[in-house]
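Thank you for making time for this today.

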Amino acid sequence: MAHTIVIAGAGFAGIEAALHLRDLASKKDLDIRVFDKSKYFTYQPSLHMLATGVKSKKAITIDLELLFSKKGIRFYPEAIDKVNPKTKTIYSENRKVDFDYLIIGTGTVNNYRNVPGAPENALCLKTLADADKIKNSIHHLIDKTKVYSQPPKIVVIGTGLTGVEMAAELADMVKKRAQVILVGTSSHILKGFSFDAIGYAEKILKKKGVDLQFNKSVSKIDSSKVSFRDKSEIYSSLTIWCGGVRANPVNRRLGLRTNEYHFIMVNNFLQTNFLDVFAVGDCAYQFKTPQAMTAQTASAQGKLAAGNIWARINDKELVSYLPKQSDYKYLVSLGKYKAFLFSQKSLLKGLIPYNIKAFVEKEFLFKRKNWIWPIKKINLK
Ligand SMILES: Cc1cc2nc3c(=O)[nH]c(=O)nc-3n(C[C@H](O)[C@H](O)[C@H](O)COP(=O)(O)OP(=O)(O)OC[C@H]3O[C@@H](n4cnc5c(N)ncnc54)[C@H](O)[C@@H]3O)c2cc1C
């Protein structure tokens, strides 16, 4: 009889896990079922380009039903509500499914860090809907530019990867029609990167007219201003929050061991405290060797967890997820035709990394998109 494998969440990790399992075994051996609360996969590394109108929704999404039906994988566009790992049952809005093995890959959610007024008055950049809202708000603001005596201010909060990419792309979009201000708590942008990379990114941002403000911790956000702990204020026509992510609230309903921040604890084989339940990507915390939360980690972990399930089924040895620090590469875009590729060993700046980033996105989406309509669709129950 086929083993039932359920995958909760079809992001980078979940998609890779499902496709790799299908590569390893046929429908006769594995009944693979995927749940996602959304019908579409979103390529999050390009969300800032959707928010600024550089890319369309279609260009950075994948229709999950089409992707999976082509591979003989059942897809349920439903949110997972809870899991009982003891009885091996997963519950969604509409159904309950018994599983032999489970992979959780439900990612994270935006984190407003309890800043008063932030959820009501600042837009964030985590989902398709968020990017859409930002795009509409910018258009609305630009349309009204003529009524302002001074260019309106757009404040981007957060000097990490998302904030930097967003600010650079925004500056290209609005040009002189609005002032883009990038603020953060640290003394420079891109904490954790080399001085060389930081210097390059800061130079590009300044060239584009972005006003960089450091050592500023937000205390409150109102509809028209951002206040800081040092008592200063910035009047803001549009505030965009890029202040990080937190654990998905669903993690608390999975019956699994989590860390103090509610990320799911996994060993190096990516198993939770229930050995037939795996967690991968951003939702997981590899407690012996914590990993960076990136698309590259999520994809690699999804693939590895799939392989480890197949190994368990076949009484083979499991493999650890232990990448070397030097394996990590970061591609950071800085608006039009500018980017850098950062690794422990090297830094590549300019047009080449910009093209590499565009290529990585195209390759990922092209491989998984349904350029060929499935000849035969399976019946989804
Ligand atoms: C704006 C932005 C820019 C980024 N840029 C980069 C970058 O340049 N490079 C890079 O490597 N990384 C980047 N990242 C990080 C990268 O996108 C994540 O590390 C990656 O998406 C993690 O993959 P994942 O599969 O763990 O989670 P996700 O890709 O977030 O997928 C989680 C999936 O779970 C689904 N889900 C959530 N809750 C439920 C539920 N209860 N039931 C069912 N389904 C559920 C979601 O709909 C989603 O499809 C960026 C992230 C953002 C937000």
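Predicted model: local features only at pLDDT ≥ 70, side-chain atom pairs only at ≥ 80, totals over all residues.

Residues are numbered from 1 along each chain as its sequence is written. As for confidence, pLDDT is the predictor's confidence in each residue, from 0 to 100; the mean for the protein is 94, and 97% of its residues reach 70 or more. The stretch to treat with caution is residues 372-381, over which pLDDT stays under 50, and for which the model has 7 contacts beyond four places in sequence, a contact being two residues whose C-beta atoms, placed from the backbone, lie within 7 Å.

Returning to Leu 50, this residue is buried, with 25 other C-beta atoms within 10 Å; here buried means 20 or more other C-beta atoms within 10 Å of the residue's own, exposed means 12 or fewer, and partly exposed is in between, with C-beta atoms placed from the backbone. Leaving out residues up to four places away in sequence, Leu 50 touches Lys 55, Lys 57, Ile 60, Ala 131 and Lys 135. Its C-alpha atom is separated by 9.8 Å from that of Asp 130, 80 residues apart from it along the chain.

Thr 42, in strand S3 (residues 40-42), also has Ile 60 among its contacts, together with Leu 47, Thr 61, Thr 127 and Leu 128, again leaving aside neighbours within four places in sequence. Thr 42 counts as buried because it has 20 C-beta neighbours inside 10 Å. Between Thr 42 and Ile 73, 31 residues apart in sequence, the C-alpha to C-alpha distance is 19 Å.

Now to the overall division and the ligand. The protein is divided into domain 1 (3-37 + 78-110 + 245-323) and domain 2 (118-239), with bounds that come from an automatic or database domain assignment. Taken over C-alpha atoms, the centres of domain 1 and domain 2 are 35 Å apart, and each of these domains gives at least three residues to the shell around the ligand.

How many residues surround the ligand? There are 33, and the closest are Gly 9, Gly 11, Gly 107, Gly 281 and Thr 294; a residue is taken as near when its C-beta atom, placed from the backbone, lies within 6 Å of the molecule. Helices H1 (12-24), H6 (161-174) and H8 (295-313) each supply at least two residues of this shell.

Among the buried residues of H1 are Phe 12, Ala 13, Ile 15 and Leu 21.

Gly 107 is found in the loop between strand S9 (101-104) and strand S10 (108-110), and is buried, with 21 other C-beta atoms within 10 Å. Beyond four places in sequence, Gly 107 touches Gly 9, Gly 11, Asn 248, Gly 281, Asp 282 and Cys 283.

Ala 279 lies in strand S21 (residues 277-279) and counts as buried, with 30 C-beta neighbours inside 10 Å. Ala 279 and Ala 13 are 266 residues apart in sequence, yet 9.3 Å apart in space, C-alpha to C-alpha.

I will finish with the backbone. Most residues other than glycine have a negative phi. His 262, however, has a positive phi of about 70° although it is not a glycine; His 262 is found in the loop between strand S19 (245-247) and strand S20 (264-266), and is partly exposed, with 15 other C-beta atoms within 10 Å. Tyr 337, not a glycine either, has a positive phi of about 60°, is placed in the loop between strand S23 (329-333) and strand S24 (339-343), and is exposed, with 11 other C-beta atoms within 10 Å.

Methods:
Helix = DSSP H or I, 4+ residues; strand = E, 2+ residues; numbered from the N terminus.
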